[in-house]
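Please read them with the structure open beside you.

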Amino acid sequence: MSEREVRIWDRPVRLFHWSLVVLVAVGIATGYYTSEWWMGLHAAAGYGLVLLLVFRVVWGFFGSEYARLASFAHGPRAIVGHLRGLVLLRPPHYLGHNPAGAVMIFALIAVVFAIVVSGLLVLGGEEHQGPLAALVGFNLGAAAKAVHGTLTALLLAMIGIHVVGVAVESLLGRENLVYAMITGRKRLPPGAPRPGPRGARPWAAAFALGAFALVAGGALAGISRLPVPDPGTLAVDETYAAECGDCHEPFHPSLLPVASWAGIMAHLDNHFGEDASLESGTARKIAAYLEANASEFWDSEAASRFRVVSADAPWRITATPYWVAKHGGIAAPRFAAPPVSSKANCAACHRDAASGRFDDQNIVLPAVKSAGES
Amino acid sequence: MRPSIRMLPLAVLAACFILAAAAPGRAEPARDAILADLATQAKAADAGFSGFSAERGKALFSTRHAGGKPETPACTTCHTNNPRNRGKTRVGKVIEPMAISANPSRFTDAKKVKKWFRRNCRSVLGRVCTPREKGDYITFMMSR
């Protein structure tokens with residue numbers, strides 16, 4: 001370290017910054033560009049962000065001088081002054097975060113926090129996974145998804161401004177701020193007094209993090225005991241599995257509403273173009289099972305979505321608007337080719353189809369077999 | 001080490017049991033009863049009935065029928081041309097072979113036989129099958 005350089009960013013702050021970059025990048029990549037079955041990684045990035053944010057806030061109280069939130073909580077006058085300096089192309093020099101940058105940092109932390117919270121709501125409500133699985137209903141989860149997306153678009157814009165701001169400050173201040181966030185060192189301007197910054201208090205930080213972990217862990221353990229709405233808990237009716245399972249997989253009752261099951265069971269003599277008639281006692285028993293466990297009685301994603309049936313084909317799961325929207329990108333020959341063979345063969349790609357859960361992580365597209373194989 | 005000669009009778013006995021169990025049971029009482037019942041019905045419907053025919057069963061199995069549902073014009077639509085092969089339902093679920101040689105438990109459960117003839121005759125032929133047609137069909141499958 002040269003005589004005129006000082007350590008500004010401590011190691012935890014730098015690690016936080018670049019870990020945040022990586023996790024946000026993973027979250028954006030898996031949120032916008034990859035298929036559904038990457039959701040596990042997307043959620044993992046989210047959990048990682050929670051840990052990062054918690055750490056950063058704690059370190060904001062117990063870190064070294066320039067890591068402390070209070071050290072860059074500039075007042076409005078400083079912010080206006082700094083912005084005016086920027087417009088005049090000679091912004092005042094700050095060793096730590098400059099006021100405009102600091103505003104962005106507080107905003108970034110707040111927005112990432114809101115994105116993570118809304119993401120947990122989506123995960124809990126739509127997928128019934130994660131810590132909020134038992135607490136959040138499907139509709140709230142679906143609403144949170146819109147918020148999650150909007151906030152992410154906002155975050156992308158903010159990241160753009162943040163990067164441009166760093167570039168502008170670096171040029172005007174003749175100091176590579178990106179490099180400073182890597183080495184932690186910044187140049188001391190001529191004539192400026194050497195700062196005597198407060199040091200970090202790692203033990204206090206560890207104690208705060210430990211206390212937080214205890215409280216959060218206790219809360220998680222508590223809510224993990226609550227019952228999660230899970231269609232997979234339904235005991236499969238043996239008559240249904242035997243009679244209907246002879247020709248097709250016994251679809252989970254949560255995949256169609258009561259009216260659709262009633263219609264199907266009343267017209268078994270013409271069942272999608274085939275005679276599937278049953279003795280009336282058997283048919284009644286199966287109909288009772290299907291109607292008692294129909295989509296109206298479940299909060300799972302599939303049940304909530306397939307409750308909306310097609311007006312033209314209200315008995316056909318693969319005609320529901322959601323099914324069509326979700327599978328629109330798959331070409332018809334892909335369904336016809338073995339080992340899938342049919343759109344009705346949910347389990348060919350959804351490993352948990354029998355449970356009615358249809359978790360994103362359980363989608364595995366099978367390899368296409370050539371026509372000769374079987 | 002030389003295997004003890006005293007164990008030989010035991011081994012022979014065990015081999016006999018295994019052979020007896022694995023021997024193709026030509027006589028299958030449940031299936032014979034189903035056929036006998038169909039024969040009685042066929043006789044009642046037609047006094048000139050003189051037994052089931054594998055040939056007629058084969059024709060019934062292979063013909064493309066009119067009158068059924070367009071999705072299933074023939075038995076072979078789902079069961080394939082060879083009854084010893086596994087077939088497939090219209091949604092791709094495997095159907096075990098119909099030929100007795102490939103699937104010895106076929107036509108031994110009267111309830112199932114009744115259910116599937118009722119359903120599939122209506123799907124393929126658009127009508128119920130006669131007792132003679134059913135008997136011919138089973139006889140054909142026994143010959144395969």
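1. A helix here is a DSSP run of type H or I with at least four residues, and helices are numbered from the N terminus. With that in mind, and remembering that this is a predicted model, one may look just after α3(A), where A:L89 takes a positive phi of about 65°.

2. Helix α3 of chain A itself, residues 76-87, has twelve residues and reaches 17 Å from its first C-alpha to its last, which is close to the 16 Å expected at 1.5 Å a residue.

3. Which residues bring α2(A) and α7(A) together? The axes of helix α2 (residues 39-62) and helix α7 (residues 202-223), both of chain A, come within 9 Å and cross at roughly 140°, and the crossing in which α2(A) passes α7(A) is right-handed. On the α2(A) side the contact is made by A:V54, A:F55, A:V58, A:W59 and A:F62, and on the α7(A) side by A:A204, A:A205, A:A208, A:L209 and A:F212. By class, the residues of this contact are ten nonpolar, with no polar and no charged ones.

4. The largest nonpolar core has 21 residues, and those with the most contacts inside it are A:L255, A:L256, A:W261, A:I286, A:L290, A:F306 and A:I317. Two or more residues of this core come from each of α8 (238-244), α9 (258-266), α10 (280-292) and α11 (301-306) of chain A. If residues up to four places away in sequence are not counted, A:F306 touches A:L255, A:L256, A:S295, A:I317, A:T320, A:Y322 and A:W323. A second, separate core of 20 residues includes A:A43, A:L52, A:L121 and A:L132.

5. Turning to the contact between the chains, eleven residues are taken from chain A and 13 residues from chain B. The side of chain A that touches chain B has three nonpolar, six polar and two charged residues.

6. In chain B, helix α6 (residues 131-143) has 13 residues that should span 18 Å at 1.5 Å a residue, and its end C-alpha atoms are 18 Å apart, so the two values agree. Is α6(B) mostly covered or mostly exposed? The helix is mostly covered, since ten of its 13 residues are buried: B:P131, B:R132, B:K134, B:G135, B:D136, B:Y137, B:I138, B:T139, B:F140 and B:M141.

Terms used. Residues numbered from 1 in each chain as written. Chains lettered and ligands numbered in written order. Predicted model: local features only at pLDDT ≥ 70, side-chain atom pairs only at ≥ 80, totals over all residues. Axes fitted to C-alpha atoms, helices over the stretch in contact; angles between N-to-C directions. Left-handed = near helix turned anticlockwise from the far one by under 90°. Contact = placed C-beta atoms within 7 Å. Nonpolar A, V, L, I, M, F, W, Y, C, P; charged D, E, K, R; others polar. Expected span 1.5 Å × (residues − 1). Core = buried A, V, L, I, M, F, W, Y, C linked by C-beta atoms within 7 Å. Buried ≥ 20, exposed ≤ 12 C-beta atoms within 10 Å, placed from the backbone.
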